[in-house]
Amino acid sequence: MIAETAQLKSKVSAPAWDAVRADFPALHQTVNGHPLIYFDNAATSQKPLPVIEALDRYYRQDNANVHRGIHELSNRATTGYEGARERVANFIHAAGSQEVIFTRGTTESINLVANTWGVANLKPGDRILLTEMEHHSNLVPWQLVAAKTGAKLVYLPVTGDEGLLNLRQLDAVLTPGVKLFAFTHISNTLGTVNPVAELVERARKVGAVTLVDAAQSAGHLPVDVRALGCDFLAFSGHKICGPTGTGVLWGRQELLDAMPPWQGGGDMISSVDFFESHWNTLPHKFEAGTPHIAGAIGLAAAMDYLDAVGRDRIWRHDQELGAYAYESMARLKGIRLFGPKVGRAGLVSFLLDDVHAHDVVTVADQFGVALRGGHHCNQPLMRKLGVASTARASFYFYNTRAEVDRFVEVLREIQRFFGV
Ligand code: 7TS
């Protein structure tokens with residue numbers, strides 16, 4: 001197991017991929033009589049033993065509420081939880097852990113910004129710039145806040161099947177009226193990798209605040225919020241080997257300080273009277289109630305794990321597997337592939353002839369291959385692409401070329417099955 005290497009990162013060489021794979025219990029099972037091929041990583045990743053063990057250890061030994069007790073277990077829980085926050089800050093190169101807010105996931109992180117920064121700062125006529133490739137969780141919160149504030153939504157278009165942001169149209173939509181530009185780092189449907197630093201720089205020129213949806217990138221490549229230059233960054237723990245129900249909102253301290261709280265309750269106050277209250281300092285102002293203590297500790301273990309493997313190495317692996325899958329799949333007659341031909345992340349969306357995406361996924365499951373089919377919470381993008389849904393294979397560092405080869409064979413079986 002590579003858990004030990006997490007602490008000794010600088011002293012040991014990165015573990016072999018076989019050793020990494022051995023750390024994920026869920027990968028070693030048969031499904032419908034076939035060895036599982038788990039290609040649904042964009043939805044959620046599997047969990048390695050050190051993360052499972054961190055949760056187990058917390059609940060067995062340290063379980064107590066945080067920031068309240070003076071007793072030993074509460075101190076341990078608080079140390080674990082706040083230590084996890086430091087780990088996150090270090091993982092994304094935040095200026096300090098006070099800039100790290102724990103949430104339930106990307107969705108909640110974006111809703112937090114929309115409901116606090118958005119409601120406090122947007123007024124009628126202001127513009128919110130999004131892109132046509134956003135996940136519903138980076139669309140709907142802004143639709144809600146636009147309805148509340150009178151701000152207007154504007155979209156940066158995507159170029160057809162290639163699925164790149166149309167940067168030639170950026171000047172036309174990134175006007176001085178834009179107060180917020182929120183966009184995804186990596187598209188969960190197209191596999192496009194967007195030029196975050198360039199987009200942020202362009203946004204800054206018109207004075208727009210930027211929010212990066214890093215749901216598909218945070219655990220896949222090194223993310224440095226200060227190098228990217230953005231104002232907010234959101235991601236989910238469960239997509240990067242951490243527990244479900246965990247996520248992060250990172251924001252620049254001066255913005256977070258100026259934002260009103262979102263949810264009220266315990267822990268987010270410094271004092272409460274019958275008619276008014278005063279808010280706690282960062283990051284507690286945005287964390288009302290008992291947080292997901294075990295989840296945060298598990299997420300920190302996931303980050304240790306990813307860094308022991310090496311995020312540069314994970315990213316190279318992701319890209320190689322994405323390119324290999326794309327090229328192998330492109331050889332199938334009657335397949336339609338979505339997203340960029342080169343430079344893609346580790347996922348491929350496709351349609352086989354006129355077989356419905358759900359049928360592809362259902363038959364693939366009979367062969368032990370876990371895919372996702374549907375609109376992937378990208379309905380407007382699907383409409384733009386002229387399809388109702390796609391099937392999608394999404395990879396992570398524990399997936400192999402041999403699995404891709406087997407998956408392509410299964411796609412051939414599916415074509416035979418449907419007689420196409
Ligand atoms: N943003 C992007 C780009 C995503 O891919 C997802 C989840 C989210 C936001 C929301 O994350 P959550 O953890 O808050 O739910 N994407 C997917 C997917 O592609 N398949 O299932 C969930």
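The structure is a predicted model, in which local features need pLDDT of at least 70 and side-chain atom pairs count only at pLDDT 80 or more, while totals for chains, interfaces and linings use all residues. Residues are numbered from 1 along each chain as its sequence is written, and side-chain values use heavy atoms, with hydrogens and water left out.

**The sheet and its helices**

Helices (H or I, at least four residues) and strands (E, at least two) are DSSP runs numbered from the N terminus, and two strands count as paired if DSSP finds at least two bridges between them. Seven strands form an open sheet with mixed pairing, in the order β4-β12-β11-β10-β9-β5-β6. Its edges are β4 (100–103) and β6 (152–156), each of which pairs on one side only. Within the sheet, β9 (residues 178–184) and β10 (residues 209–213) run in the parallel sense and share five bridges, and Phe183 stands opposite Val212 in β10.

Angles are taken between N-to-C directions and run from 0 to 180 degrees, the axes being lines fitted to C-alpha atoms, for helices over the stretch in contact; contact itself means heavy atoms within 4.5 Å.

| Helix | Strands | Angle |
|---|---|---|
| α4 (residues 72–92) | touches β4, β11 (232–236) and β12 (247–251) | about 115° with β4 |
| α8 (residues 196–205) | lies across β9 and β10 | about 175° to β9 |

A salt bridge here is a side-chain nitrogen of Lys or Arg within 4 Å of a carboxyl oxygen of Asp or Glu, and by this rule the count comes to 19. One of them joins the side chains of Glu82 and Arg85, at 2.8 Å from N to O. Because Glu82 and Arg85 are three residues apart in helix α4, about one helical turn separates them.

**Where the domains meet**

The domain assignment, which is automatic or from a database, gives domain 1 (54–307) and domain 2 (310–418). Their centres, taken over C-alpha atoms, are separated by 28 Å, and 34 residues of domain 1 are in contact with 31 residues of domain 2. Buried area is the accessible area (1.4 Å probe) that two parts lose on being put together, summed over both; between these domains it is about 2700 Å², of which carbon and sulfur atoms give 54%.

Two salt bridges are counted between domain 1 and domain 2. Glu132 also forms a salt bridge with Lys384, with the closest N and O atoms 2.8 Å apart.
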